[in-house]
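Dear colleague,

I am handing over the structure below, together with notes on what was found in it. Please read the notes with the coordinates open beside you.

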Amino acid sequence: MDNVILDVRNFNVTYVNKYKKVYAVKDANFSINRGDSLGIVGESGSGKSTMAMALLRLLPEKSTEISGSAYFLGKDLVKLSEEELKKLRWKELSVVFQKSMNSLSPVHRIRTQVEDIYRVHNPKATREEIAERFIHLLKLVNLSDRVYNLYPHELSGGMLQRVSIAISLINNPKLLIMDEATTALDVVTQGQILDEVVKMEKEMDMTRIMITHDMSVVATSCNKVAVMYAGEIMELGYVKDVLKKPMHPYTKGLMASFPSLKGKKEKLQSIGGFLPDLSKKYEGCIFAPRCSSAMDICQKKPPVIEMENGRTVRCHLYGGER
Amino acid sequence: MKRYLFKRLLTGLLTIVIAFVINFLIINLAPGDPIKTLMGKESDDPVLRAALEEKYGLNKPLHIQFFSYLKTAMRGDLGISIIYNRPVADMIAEKLPATILLVLTSGVLSLIIGTAMGIVAARKEGTFIDVLFSGFSYILNSMPSFWLGLMLIIIFSTVLNILPTYGMTDARASYTGMAYVLDVIKHMILPVGTLVLIEIPMYYRIAKSSVLQVTNEDYILTLRATGMSEKKIFNKYIFRNAILPTVTIFGISLAYLITGVSLIETVFAWPGTGRLVLTAINQRDYPTLIGIYLIMSVSIAVVMIVVDIVYAILDPRIRY
Ligand SMILES: Nc1ncnc2c1ncn2[C@@H]1O[C@H](COP(=O)(O)OP(=O)(O)OP(=O)(O)O)[C@@H](O)[C@H]1O
Ligand code: SF4
Ligand SMILES: [Mg+2]
């Protein structure tokens, strides 16, 4: 078991406000082994960022309810005290946010912020030491060392995203969560950076969760994939299995709505209908209203069915009572 | 930064020049013919008129007249008060220090107190302290300044009899040195207190909403994710970002105080320009009035330049 970096069980995240509850993540189960890279895909609003933020314990405690467990290196992130958590933050567990254009303070130099962040865990580090380390990381993300002394507004959105990636790597974290971290980049830069990240992972013994809309990002840079829909993980497995032969009707639909990965020109299809209202509880399969294979039994909640090679599918088509 | 500084000083200078132009035009547009006044009602000798026009330069084109006006104004000659028959510049110079003392003291105090309250309320949003401060600020916000001044006089002088209400010094005693300073401070408490109370709500609101907004920014979330202590995040990152709007407000509020202080000076018989303005208005003393407005416009322009430069130092995005 010491190969497991993160083990998430029965994980639920609910946003609570005065008027309603939003069930944003429901009964998520997955685990990531050392050296894995898990892609989480799903359409906008399916709860990907919410899950990441909850794992990082960055959601305001007042307005969210989290249940279940998430063992990270043997410690339950859900129950860990803030003090214990601080020791893990950024050193073992770091993140690149979806809106990384705004993830640096506009009135401080990048240098200042990097120094402060590095000193959280290395209070005695000298400026030279930090500069050397960070300039090395800047090279990895294809930026010149000139950037180090600039203010955020002097960089483009894509450059800022790369700075954020570099900052996330500053402590050689065990687990890196990237939430749409490469969306602001052009295809060439995105490819280069993904290559670098994959290479670094091997060298630095890093594990990664990659949240994205883009199947091709998953295909090129991840070995496992979790497909999320309306807060639930619908299908989970190795990329080579899932992309070759998607089983869940939603995964099939999602794949059909992306250009063919092999470059064949096909007509893109979109999945009809909309994401359901997450503030309601649903009896049966949450995808049923949009599913073309829906059956009578889909009025009942589908179980998570385990297939070979660690693959799971949440759908009545693959077992349980028919 | 150098370029910005240069540009800002230039536009500031331009503002001041425009203030002078407007001032000059007001004098020119004012009803009445100065030559006629000089010649007396009865006589209407064209030779004398021409000679007088020649003497005062009134036959020259308007822009030449403007430059000679500018030159005399620069030398500190703002004309003669028609009521007191004294140079306007001298009268203003006599009264100005008292007004500046009042305006700057209350400006700085309200900035500090209002901002501190706003920050505390934002940090403790929804708690009793927040509700208390917000209520306090709401009540103050709806009070007219002169009325508040009168209430303070009633409470602290009439009832409690602990603070003077009149003037800047005790007229019956002639203190020197430290005793003089203390005497002035004692006289300042009520007028400054009134102005501070009136100004607090503005700083309070801005500081509170700005801290709340910055706290929700993504870069603060990133810093939290790094495990940085809340104290450091607040002291270095939230504060520095949240203080920016307050700097702007400080400029506006100071300008507002400079022009709005007259009323409070009257209520407390403070010997500043405020009273000069009111007497000048009442007695139609145009030269005095125009002189004071000129000084006010120039001081506001200067305040704005300083505030903008401070802002540029704090916010790198401005220094284009
Ligand atoms: N603070 C909040 N309060 C209530 N509901 C929220 C809150 N934040 C997000 N949600 C809801 O939770 C659901 C999941 O949002 P989330 O941001 O996790 O989606 P996502 O999968 O990351 O989408 P995207 O791909 O657009 O980033 C959405 O339906 C959203 O409306
Ligand atoms: S359970 Fe039924 S409705 Fe849900 S995805 Fe499977 S077939 Fe479709
Ligand atoms: Mg998201």
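This is a predicted model: local features need pLDDT of at least 70, side-chain atom pairs count only at pLDDT 80 or more; totals for chains, interfaces and linings use all residues.

The eight-stranded sheet

Strand β9 of chain A (residues 224–229) and strand β10 of chain A (residues 232–238) run antiparallel and are joined by six bridges; within this pair, A:Val227 has A:Glu235 of β10(A) as its bridge partner. Both strands belong to an open sheet of eight strands in chain A, whose order is β6-β7-β8-β3-β9-β10-β12-β11 and whose pairing is mixed. At its edges stand β6 (93–96) and β11 (304–306) of chain A, each of which pairs on one side only. Averaged over the sheet and ignoring direction, neighbouring strands are turned by 20 degrees against each other.

The four-stranded sheet

Helix α1(A) also lies across β1, β2 and β4 (64–72) of chain A, where it runs at about 110 degrees to β1(A). These strands are part of an open sheet of four strands with antiparallel pairing, in the order β2-β1-β4-β5 (chain A). Because β2 (21–33) and β5 (75–76) of chain A each have a single partner strand, one side of each is left without a neighbour in the sheet.

Going through the pairs in turn, strand β1 of chain A (residues 4–16) is joined to β2(A) by nine bridges in the antiparallel sense, with A:Val16 standing opposite A:Lys21 of β2(A). On β4(A), β1(A) has an antiparallel partner held over eight bridges, among whose residues A:Ser67 is the bridge partner of A:Asn12. Two bridges join β4(A) to β5(A), again antiparallel, and A:Phe72 has A:Lys75 of β5(A) as its bridge partner. The hairpin formed by β4(A) and β5(A) has two residues between the strands, and A:Leu73 takes a positive phi near 50 degrees there.

Where does ligand 2 sit? Ligand 2 is placed in the second largest cavity, and the residues around it include A:His248, A:Cys285, A:Cys291, A:Cys298, A:Cys315 and A:His316, as well as A:Pro249, A:Phe287 and A:Leu317. By class, the shell around ligand 2 divides into nine nonpolar residues, three polar residues and no charged ones.

Definitions and conventions: Residues are numbered from 1 along each chain as its sequence is written. Chains are lettered from A and ligands numbered from 1 in the order in which they are written. Side-chain values use heavy atoms; hydrogens and water are left out. A residue is near a molecule or strand if one of its heavy atoms lies within 4 Å of it. On a 1 Å grid over the protein atoms alone, a cavity is a set of points where a 1.4 Å probe fits but cannot get out, and a pocket is an open set with protein on both sides within 12 Å along at least five of seven lines; lining residues have an atom within 4 Å of a point. A molecule sits in a cavity or pocket if more than half of its atoms lie within 2 Å of its grid points. Ala, Val, Leu, Ile, Met, Phe, Trp, Tyr, Cys and Pro count as nonpolar, Asp, Glu, Lys and Arg as charged, and the others, Gly among them, as polar. Two strands pair if DSSP finds at least two bridges between them. Axes are lines fitted to C-alpha atoms, for helices over the stretch in contact, and angles run from 0 to 180 degrees between N-to-C directions. Contact means heavy atoms within 4.5 Å.
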